[in-house]
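Hello,

Here is the structure I promised to pass on. Please open it first, then read my notes below.

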Amino acid sequence: MAAGEPQADCLFCKIVAGDVPATIVHETKDVVAFQDINPQAPTHILVVPRAHYANAGELGTEAPELAGALLAEAAAVAVGEGCSDSGYRIVFNTGAGAGQTVFHVHAHVLGGRGLNWPPG
Ligand code: 5GP
Ligand code: ZN
């Protein structure tokens, strides 16, 4: 399996391909941002690369420019949602023990309410 290649059994590859519906808020040639189906905050948007990488570490190692594009999109989403000034959080759950359930890297952009630290 080559890094970045679509995976047939991957939910977010299917969303990127348009085979599974999602509420897309913004997209570029490299990344797609869509509403989380089970929002944990007033703003809860997932930002994914179109290419398949399992997690943030793999993305940063294999495709650092794409990792930068993902972060830039996450920041742009926060501006678009109006939570840039009040503060927001970008989360990459990595590994099942940290709550990762979809193994196609995704940034959670969370905002629109107070966010406790440290997170659970
Ligand atoms: P993880 O737990 O891997 O960090 O995050 C996966 C996220 O994907 C969860 O927040 C979950 O609510 C979201 N999710 C799971 N299935 C779907 C789906 O079919 N559509 C959308 N838009 N989000 C989903
Ligand atoms: Zn995928």
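The side chain of Asp36 has an N or O atom 2.5 Å from an oxygen atom of ligand 1. Keep in mind that this is a predicted model. At Thr101, a backbone N or O atom lies 2.7 Å from an oxygen atom of ligand 1. At Val102, a polar backbone atom is 3.0 Å from an oxygen atom of ligand 1. The protein covers 82% of the 520 Å² of accessible area that ligand 1 has on its own.

Now the shell. Ligand 1 is surrounded by 16 residues. The closest are Asp36, Asn93, Gly99, Thr101 and His108. Helix 1 (11–17) and strand 2 are the elements that give two or more residues to this shell. Helix 1 supplies the largest share, 3 residues.

His108 leads on to strand 5. Which way do its residues point? Ala107, Val109 and Gly111 point one way from strand 5. His108 and Leu110 point the other way. In general, side chains in a regular strand alternate between the two faces of the sheet.

Strand 5 has two partners to look at. Strand 3 (residues 43–49) pairs with strand 5 in the antiparallel sense, over 5 bridges. There, Leu46 has His108 as its bridge partner. Strand 4 (residues 88–91) also runs antiparallel to strand 5, and 4 bridges join them. Here Arg89 stands opposite Leu110.

Next, the nonpolar cores. The largest has 17 residues. Which of them touch the most other members? They are Val47, Tyr53, Leu59, Leu66, Val77 and Val109. Strand 2 (31–35), strand 3, helix 3 (64–81) and strand 5 are the elements that give two or more residues to this core. Helix 3 gives the largest share, 6 residues. A second, separate core has 10 residues, including Cys10, Cys13, Ile15 and Phe34. As a rule, nonpolar side chains in soluble globular proteins tend to be buried together.

Leaving out residues up to four places away in sequence, Leu66 touches Asp30, Val31, Pro49, Ala51, Tyr53 and Leu59.

Best wishes

Conventions
Residues numbered from 1 in each chain as written. Chains lettered and ligands numbered in written order. Predicted model: local features only at pLDDT ≥ 70, side-chain atom pairs only at ≥ 80, totals over all residues. Heavy atoms only, no water. Buried < 20%, exposed > 50% of the residue type's maximum accessible area, 1.4 Å probe, protein only. Helix = DSSP H or I, 4+ residues; strand = E, 2+ residues; numbered from the N terminus. Pairing = 2+ DSSP bridges. Core = buried A, V, L, I, M, F, W, Y, C linked by side-chain atoms within 4.5 Å. Contact = heavy atoms within 4.5 Å. Near = heavy atom within 4 Å. Polar contact = N/O pair within 3.5 Å; in protein donor to acceptor, adjacent residues only side chain to side chain. Areas by Shrake-Rupley, 256 points an atom, 1.4 Å probe, with all protein chains shown as cover.
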